[in-house]
Structures are given as structure tokens and as C-alpha cells.
Amino acid sequence: MSDDHTHVQEFFTPRAAGWDRRFPDDGPAYAAAVAELGLREGGRVLDAGCGTGRALPALRAAVGPSGVVLGADLTPAMLREAARAGRDVDGALLLTDVAALPLRSSSLDAVFAAGLIAHLPRPAENLREIARVVRPGGVLALFHPIGRAALAARQGRELTPDDLRAEPNLRALLSEAGWRMTSYVDEDTRFLALAVLAD
């Protein structure tokens, strides 16, 4: 296991059991963000870094029973909590690293990623791997249920210009990985950047 994996698992494993209790009111924000993906009946979507699977019910509702919903996470404890909450009925849970997805190229219509970007060890490279599994014209949603300033305040840190989620930084990063940012929202109550995979 790489140091990157160890760091992520050391952070999330002790927090997994209480994760949903810490953020009990995020459901509507997740549903609203999923709605902006524009998924259709029968679509194929991945929740990258799915954690306890809070987006899976909304993703399943968006693609319907004929669609495919996958939830991928690196931390076994988070996936156990997703299953314990019954969210494994909404999507197949995969214990895997988003840096090396066990999926065919161009096999998905969309990827939803809540809180993932800050945990990617090599963001440009990792976003290229996510792009690999999405069809041309497919969509990526980078989401957080609170905005950058609110998150920095919660974590007791200053918001700096080199913040990865700042619009110019994120736009350049996405472009380098083959994505074109189409929408960017950073408010106290949510962060959502949408990007389309170039043809």
C-alpha cells in the first residue's frame, strides 16, 4: 500500500462509523448536485470516493433501474458503513483507488465526486484516469456540501490563493486532464464544479 493510500485510510477509517451522524443534513445538497449532472434513464455513473454512499440513492433515482451505479472508495470502513446504511442496494460498491479504476475506457456517462479533489495525491494524473473511463461528452461533478470559505473555517485554516478548488486553479487542472469546466459555484452552502470531457 502506498503512503498516499495509508494517509487516506488513516484519516477516514476512524471517522467512518460516525460520518453520517456528523453531517445529517447533507442529503438535499447531494440530491441537488446529482440533478445537475443531467443523468438519464439507463445511464452509467460512478461515485468516485463514495465514502458512506450518500450520493448513491440520488444517482440510482436519476438513472433508474436500468442504469448502472458504482460507488468506489479506498477505505474499507467507509464501504462497510455504506452497506450498513443499505446504500449498496442503490449501487455496486468497489474497494478501489480512483487512480487505477478497474473499468473499461469510455464506459461511463458521468462521474460524481464529493470531497474527492482534496484527497487526490496527483490531481492532474488522477483526473486523467477518471477521464479515461468516461465517454467523450460525459460529465464530471466535483462537489462539496459547503463552499471553500466555510470549509476552511470549519477546519480552522486560512483560505489561500493556491487552494486547488479556486476557480482559476481548478479550471487549469481540469483542462490539463482533458476536461472543460462548464459551471462553477462556490457559496457558503455548496461547492459544485461541472466539467465535460472533450471529444
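**Exercise 1.** State how many aromatic pairs the structure holds, and classify the pair of Tyr30 and Phe112.

*Solution.* Step 1: the structure, a predicted model in which local features need pLDDT of at least 70, side-chain atom pairs count only at pLDDT 80 or more, and totals for chains, interfaces and linings use all residues, holds four aromatic pairs. Side-chain values use heavy atoms, with hydrogens and water left out, and residues are numbered from 1 along each chain as its sequence is written.

Step 1: rings of Phe, Tyr and Trp (its six-membered ring) pair if their centres lie within 6.5 Å; planes under 30 degrees apart are stacked, over 60 edge-to-face, the rest tilted. Tyr30 and Phe112 lie 6.1 Å apart, centre to centre, with 45° between the planes, so the pair is tilted.

Step 2: Tyr30 belongs to helix H3 (residues 27–35) and Phe112 to strand E4, 82 residues apart. Helices (H or I, at least four residues) and strands (E, at least two) are DSSP runs, numbered from the N terminus.

Step 3: Tyr30 and Phe112 are both buried (under 20% relative accessible area; exposed is over 50%, partly exposed in between; 1.4 Å probe, protein chains only). With Phe143 they form one aromatic cluster.
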